[in-house]
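Please look over the following complex with attention to how its two chains meet. The briefing below begins with the contact between them and then turns to one chain on its own.

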Amino acid sequence: MILLTFLRIHWIGMKRDRVVQALTFLLPIMFFSIFAAVFSNQSDPMSKVRIAVVDEDQTPYSQQLMKALMAEGSLDVRVTATREGGNGATLDRSAAETLVRNGDVPVAVVIPKGIGAAGMFPAGDTNQVRPKVLLLADVSDPVAPQVVSGMLQKVAFTAAPQTMAVEGMTMFEKYTGPMTDAQRNMVDAWKRGEGPAIPSGSTSDTAVGLPVEVVNVMQPEQGDTSMVSFYAAGIGVMFLLFSCSGAGGTLLEEEESGTLDRLIGSRAGMGGVLFGKWVFLMLMGISQLTVMFAWGQLVFGLPLTSHLPGFFVVTLFTAAAAASFGLVLATVSRSRAQLSGLSTIVILAMSAVGGSMFPRFLMSDTMQQFGLVTFNAWALDAYLKVFWREVPMWELWPQIAVLTVLTGVFLTASRLLARRWETT
Amino acid sequence: MTTTQQGEPLLVRDARKRFGDVEALAGASLEVRRGELVGLLGPNGAGKTTMIRAIAGRVALDSGSIQLFGRTVTARDPRPEIGVVPQELAVYSLLTARENLEAFGVLYGVQGAELKSRVDWALEWSDLKDRAKESVKRFSGGMKRRLNIAIGLMHSPAIVLLDEPTVGVDPQSRERIYEMLASLQASGVGVVLTTHHLEEAERRCERIVIIDHGRIVAAGTLGELLAAARSGGRTLAMVLERAWPAGIAVPKGFSLSADRLTVTVAVEDGGRGVAARIDTVTGLGARVQDLSLAGASLQDVFIGLTGRELRE
């Protein structure tokens with residue numbers, strides 16, 4: 001009976017508390033859906049890895065490789081400077097690197113001069129230096145270079161079977177001795193397409209196939225430290241939102257204590273109260289992000305001091321937008337408890353979709369587009385441009401413009417929502 | 001600062017305000033003169049807070065008017081003549097008393113040397129000078145209450161509206177608060193307060209205004225109210241041996257204490273009236289253990305006018 005009473009009390013409490021219901025049922029479903037959508041990308045047959053290909057060799061072999069890469073269903077191959085293939089100038093190494101640095105493609109494949117002549121198998125002199133296929137990579141996406149490298153090996157074997165067979169047999173005879181006449185006849189018949197197929201995947205030795213080298217074109221002198229900036233921004237923006245919504249909640253405390261009435265009755269009025277809070281939240285946000293990035297530089301070697309102007313501009317606009325968003329959450333909530341539940345749900349969802357928890361560039365195109373509805377995505381893109389792509393300041397304008405518009409929209413919304421506290 | 005202004009400090013005429021189906025103010029009028037302490041009494045939901053908020057500019061009246069020193073004001077008009085002290089402790093608990101006074105002083109337009117002078121005055125006036133640099137969260141309830149009132153006076157208002165200024169404070173602090181209010185009165189400030197302490201209103205307020213269902217049902221000095229309510233009447237209090245029998249309604253005109261052990265009733269016609277009323281009570285199954293006869297009080301007036309106890 002006692003147990004039943006407790007169950008009844010808690011059941012009624014839960015039934016009447018929408019925030020608890022949302023946290024218990026809605027939030028897990030939401031997160032499951034978001035992460036399922038993010039990770040299901042890996043098996044999505046429609047999702048292609050975007051690459052640029054430069055053929056410096058211009059031999060039949062390299063052209064066969066190009067054709068095979070373009071025929072791969074899992075690759076979206078670009079060979080010209082413009083998006084629509086065929087209309088722009090053919091890519092050279094420099095243009096391909098620019099595409100990578102601008103984030104247009106995560107990997108550019110450079111088929112170097114001499115690769116066709118060197119063949120797929122090490123020649124007699126094993127010390128011979130064979131030209132390597134270069135993967136100019138944006139290593140912030142660690143998956144794409146691996147995928148492309150694997151695909152290259154695959155197409156190398158499938159694109160030029162004849163070459164592989166001839167070279168393979170030569171190598172075979174070199175190391176095992178000449179074939180008998182019967183063996184040679186069988187090989188000749190197979191080369192003519194009259195024999196049984198060789199099972200795929202039978203050759204996987206790294207000593208054979210295409211030699212590949214991954215080249216980090218994004219700040220190679222700084223190694224992986226710049227990646228720390230991505231995580232600093234991701235985590236920083238998420239906690240900035242939590243801090244702003246928490247601090248914005250003082251509005252609700254002031255309402256409960258009657259202080260808000262007193263403030264509204266003063267010369268400041270409701271507009272002044274909100275403006276004062278917004279400026280404070282913005283300054284707090286700037287301080288919070290600065291401390292976080294400074295810590296990143298101190299402990300993880302994040303290159304903050306070399307990117308100070310860009311950091312300051314992005315942080316200013318990010319903090320402004322986060323502060324106004326915090327005010328929206330506070331003014332839409334009826335109590336501190338409601339604010340806490342609401343901000344947990346909204347901020348975690350925004351952070352997951354917007355890339356604070358999982359990089360957006362690893363998400364499917366659909367998810368990446370969807371992420372743009374969140375404030376996080378724009379802020380993180382801006383930080384990425386500053387620290388990772390090192391673009392000139394003016395190229396930050398799309399992100400800054402969106403953050404500014406969002407700030408205006410959030411401030412207007414919070415002002416309208418705050419009218420309920422004014423004269424009735 | 002505005003006590004030199006012309007006209008009545010506060011004049012509310014035929015104030016009406018409706019919230020949905022509830023008529024919070026139904027033609028209420030109120031007047032406050034210079035240096036006057038007015039007690040606004042009424043049961044819960046009678047319209048006291050709506051009246052205070054309307055005067056403070058936080059509620060827009062549907063009709064009626066509010067005049068401050070002869071100037072008609074609408075809800076959005078600034079009203080620096082008024083100081084509002086809410087029932088809640090509207091202070092920042094992490095700030096010190098001085099910091100609170102300074103912050104609200106600036107927000108209410110007090111600056112520079114005047115700000116410092118007003119803060120010093122407020123600390124002295126509220127007897128918090130020794131604790132001026134201490135965080136408010138360490139203050140007792142009475143101290144917070146005094147600071148709450150002092151904040152409302154930082155801009156030297158000519159009229160102060162206090163909503164339950166003594167709620168939840170010990171008798172000593174309550175006494176101190178009334179001394180503070182008396183000194184305000186002496187300086188010509190008009191004070192309107194709502195309270196649930198009838199005996200305080202009896203003792204402290206120069207005029208008492210009783211509001212019920214959004215209407216002013218009586219207004220005047222205590223003497224005027226008593227005279228109007230019951231000319232020379234008495235109140236008979238009957239202490240019962242046991243609690244009033246459950247399930248039996250208290251007769252009309254009689255009222256029962258919260259512990260159901262005392263029944264009170266008005267008596268106008270001397271000895272015969274007393275006997276008849278005792279008979280009424282005993283006839284319903286109650287047994288009277290003791291009785292007393294006293295002159296009418298504000299409580300009797302209040303119940304007579306509203307039909308309710310103040311806390312109902």
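A polar contact is a pair of N or O atoms within 3.5 Å, where within protein one atom must be able to donate a hydrogen and the other to accept it, and where residues adjacent in sequence count only if both atoms are side-chain atoms. On that basis, eleven residue pairs are in polar contact between chain A and chain B, both residues being at pLDDT 80 or more. This is a predicted model, in which local features need pLDDT of at least 70 and side-chain atom pairs count only at pLDDT 80 or more, while totals for chains, interfaces and linings use all residues. Residues are numbered from 1 along each chain as its sequence is written, and side-chain values use heavy atoms, with hydrogens and water left out.

**Interface**
- Chain A contributes 17 residues and chain B 26 residues to the contact (heavy atoms within 4.5 Å).
- Two salt bridges are counted between chain A and chain B (a side-chain nitrogen of Lys or Arg within 4 Å of a carboxyl oxygen of Asp or Glu), and a salt bridge joins the side chains of B:Arg53 and A:Asp261 at 2.6 Å, N to O.

**Chain A**
- Of its 424 residues, 45% count as buried in chain A (under 20% relative accessible area, with a 1.4 Å probe and protein chains only).
- The accessible surface of chain A comes to about 20,900 Å², and 65% of that belongs to carbon and sulfur atoms (Shrake-Rupley method, 1.4 Å probe).
- Among contacts in chain A with a separation of 6 or more, 75% come from residues 24 or more positions apart.

Notes:
Chains are lettered from A and ligands numbered from 1 in the order in which they are written. Buried means under 20% relative accessible area, exposed over 50%, partly exposed in between (1.4 Å probe, protein chains only).
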